[in-house]
Amino acid sequence: MDWRRRSDEDFAAEVDSHIQLEAERLIEDGMPPDAARAAAARAFGSATRARERFHERSRWVWIEQAVQDVRYAWRTLRANPAFLTTTVLTLATGLSLLTVAFSVFNAYVLRPFAVADPGRLYRLAWSAPSAVGRTFPPRACDELRARTDLFDAVLTHDFRFALSNGRTVVVSTVSGNYFSTLRPRLLAGRPLDAADAGQKVAVIRQQAATRLFGGDRAALGRALELEAGPVTIVGVVRDEFGGIDDFPRDLWVPEDPAAARPMQAVARLRAGVSPVEAALRLQEFAARMAPPDTPSRDVRAVLVPNGTPNPLSIELVAMLSPVFAAFTLVLLAACINVSNVMLARALTRQREIAVRLSLGASRARIVRQLLTEGLLVAVLAGAAALALAVWLLRAALVVLFGTLPPFVASLLRIVPMPLDARVFLFAFAAALAATLVFALMPALQASRQPLTGALRGQRAGQPSTSRARNALVVAQVAVSIVLVVTALVLARNFASLTRLDLGFSTANVYSINVRGDDNRFVRPIADLLAADPRVASVAVTSGNPLFVTHAVPMRADGSSALSPTMYTFVSPEFLSILRIPVTRGRTFSAAEARLAARVAIVSESTARAFWPGRDPIGETIAIERPAPPRQNEGIDGYARVTVVGVVPDKVSGLMVEGADRSHVYLPVSAADVHVQALLVQPRASSDFRPELLRESFRRLGFDPELLEVISLDEMRMTQTYPLRAASWVGLLLGGIALALSVSGLYGVLVYTLAQRRREIGIRMALGAPAAAVVRLLMRQSARMTAVGIAIGLGISFALLKMLDSVIELRAVSVLDPGAFAAAVLVVLLASFVAAYYPSRRATRVDPAETLRAEA
Amino acid sequence: MSTREKRGRLKDDRPVLMQGTLDVLILRTLLFGAEHGQGIARAIQQTSEGEFLVEHGALYPALQRLEAQKLVSAKWGTSANNRRARYYTLTRHGRDHLTRQSSRWRRLAAAMARVLGPEPERG
């Protein structure tokens, strides 16, 4: 096809030449010239129409028309700034919330790391039925590096929290080829390389440099005090790079060949090698990594895509889809609102549309014109939404860091969330989809109208239009019910979780966990704390409550019914620090703790399950499967234990899972291999602070970075925080949807009022009391609300029922009748508020005036 | 307005041209050499003994379509009586297309004739 458009003039010349040729032909045949010219023109038909058809068939006419449409739409919208502002802002609200949700998803799942060729990076791991491995000892790492048949490069890194003068620094120890493989962009200085191994140097991230040194370039050459000793900053990377994990790092230090710690391995696959193939060819290697007793055919090498913070998977999308659905519902509510306003506007524009239709505009052209107006609104809203999304994201982060428990806030790092091309594209696509939702129906409605009445200025109150508007309001109420129910379920569960009785006291208790597997430090720390005058009591344990739980199959001796039972090794002080009362029998004696005696204290639930209706004191428990995956967590040697006491049930693991279904406590002392953590209770009047503890550890020559000190109160807050944040988001979405449906309802009622003004005037003139008129409008409002509520409740119930069958959390109730009732109440109240003002106005209709206007 | 006009003329007994019919007629006309629009119109009218082509103007959308499909090419030239005219020529692609279409039409016409049988004698 030729790219030059044939001009209209050229075609006109052809038409002229045709008619002249025909006329000359007729003259040749003997017709008089005048008659011949007339006959030739007649034979051709309408030359104008031919030219028009030529013009319309040309390739560019649609652009011409689109430009016309846009200009016309812009003029129309400009003429009504109130309409423009409300619709753009309404849509922008819905779009910006969805854009924020997508930005987070984009940052954590879709957006590749700012490194060279992220698509071929894979994290290496192995998995067996009993265990998985994500780290490899130095020799295994060397072996992986030697596999040049599979990988272009294998880098290793790890991750830990460190303190620099009381401020948390997220540190990654990296192999010599880390920076040369990833090639992140540096702001200043140089990257680390193989020659830095064992040196006290570091590369810092821009924002950490600003936080710790007060300026990004200022950090270069300065020393950063870490508890393990100072390091010199040799390079600063841009904020776009935060490592290759979903948790950005602040600092990168070279690995110390002498330390020889297990590391995570990330490989860049060779071109032409598929991850599946690489996994197969690493099987033999993986089998050697697994515990010795694992059959090698059960072990698989695993390559996890490592180009983005989290690999995209169907499971992930399925998990996140309810969240996206909630955000989409808000956008839907906004669309319905705009659609409603457009319907109302289309009615006031009936005359204009009728004129255009009667002047020969096709219906398609009118629909296109109205859709263009919608699209223009959507594009403006999309732009506003992007700006709003940037602000919302920033605000959300401020709120997040302001409300998180301080301990968690000091550790948390967020991946960068720029509005990149994907977010732009998403916002644009969402705006486009929204246009179809909110503008198509009104446009189709408007173009389908009887011409004659509209031209005469009759505003035919088309029943189909009213029905459409009512249906929209019903849909809106239904959407807000779904969102409000969800929000209230979340909020009520958060409230009940904060009130949850843990079965022990978290007040004035600090948990100290030892990071990693090395528990040699527990004993000296316990001794140190016991000697500290600020400390009232110290306990050692295999795991602190609210942190970790362990379970193995156990049974009552003499019975064959095995059941997985939680167990914790505790020193006698554990129960007193947590104020757990012994309800039967006795607590452990110091001697039992020292000797690790084969005695046990059981929880009431275990006592009931193992010896229903009997006194458990003196009974024996048989512990099965003495082959644990990790030596420290083991319970080998504990085949039979005798019950000496009973304690009430408590929550040991996640609060959402509720109180333990079973628990067996075993005595232990600080010297035992099973201890992993400590509990500290400071004296009430002392100035005990976790930082002081770290100071003492350092003086004793321990690396304080191995310890994690947090108060149990804060841990409790940390556990409830996700639900708290979720309920806030839910309430925000529910609130916006509710506000939208209130304004939608209000709009419809005001419109009804305007339409029925005459009728109301006549009724009042005939003696109808004001109350009857109010009832008229209230009834309409109540009908729409009731239908909307019914539909919304049905949908919410179905959704939550589905969720309820998936979730197995005992402290969480998804099908919460209270939340349903409260949501109905809230929506009813809102609909009453929406109906109040229009109803009041209806009573002020002056019958005399309406009747005059009628005449 | 335009639709009404068309309907008015259709009271005329001449058959309505089916979509694609006109294309074949034009291509067939051009088989004998380059021709301008008026020449094509005349030729179609003469060969079909006045059965086809009500308006000469109706020819042009078809010509435009054929040009866009590269079945014909067009060039301004001079007519026998020294008048400027736009001449249409069959392209090679157009020639192939005509061959295919002609045989299709012949089969269709033959089949229709068989189904309808001989014209009944009147009166």
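Let's start inside chain A of this predicted model, with a salt bridge between A:R145 and A:D142, whose closest N and O atoms are 3.3 Å apart. Why can these two side chains pair up? A:R145 and A:D142 sit three residues apart in helix 6 (residues 138-145) of chain A, so about one helical turn separates them.

Now for the place where the two chains meet. Five salt bridges are counted between chain A and chain B. In one between these chains, the side chain of B:R86 meets that of A:E14, at 3.8 Å from N to O. Here are the two named pairs next to each other.

| Salt bridge | N to O distance |
|---|---|
| A:R145 with A:D142 | 3.3 Å |
| B:R86 with A:E14 | 3.8 Å |

Polar contacts turn up across the interface of chain A and chain B too, with 12 residue pairs found, both partners at pLDDT 80 or more.

Interface size is often quoted as the accessible area that is lost when the parts come together. On that score, chain A and chain B bury about 2,300 Å² between them, and 48% of it is on carbon and sulfur atoms.

How many cavities of 30 Å³ or more does the structure hold? The count is six, and the largest cavity has about 100 Å³ of space in it. Its lining is made up of A:M342, A:R345, A:A346, A:R349, A:I353, A:L370, A:E373, A:A439, A:P442 and A:A443. Helix 11 (314-348), helix 13 (363-403) and helix 15 (421-447) of chain A are the elements that give two or more residues to this lining. As for what kind of residues these are, the lining of the largest cavity has seven nonpolar and three charged residues, with no polar ones.

How values were computed. Residues numbered from 1 in each chain as written. Chains lettered and ligands numbered in written order. Predicted model: local features only at pLDDT ≥ 70, side-chain atom pairs only at ≥ 80, totals over all residues. Heavy atoms only, no water. Buried area = accessible area lost by both parts, 1.4 Å probe. Salt bridge = Lys/Arg side-chain N within 4 Å of Asp/Glu carboxyl O. Polar contact = N/O pair within 3.5 Å; in protein donor to acceptor, adjacent residues only side chain to side chain. 1 Å grid on protein atoms, 1.4 Å probe; cavity = no way out; pocket = protein on both sides within 12 Å on 5 of 7 lines; lining within 4 Å. Points joined across faces, edges and corners; volume = space filled by probe spheres on them. Helix = DSSP H or I, 4+ residues; strand = E, 2+ residues; numbered from the N terminus. Nonpolar A, V, L, I, M, F, W, Y, C, P; charged D, E, K, R; others polar.
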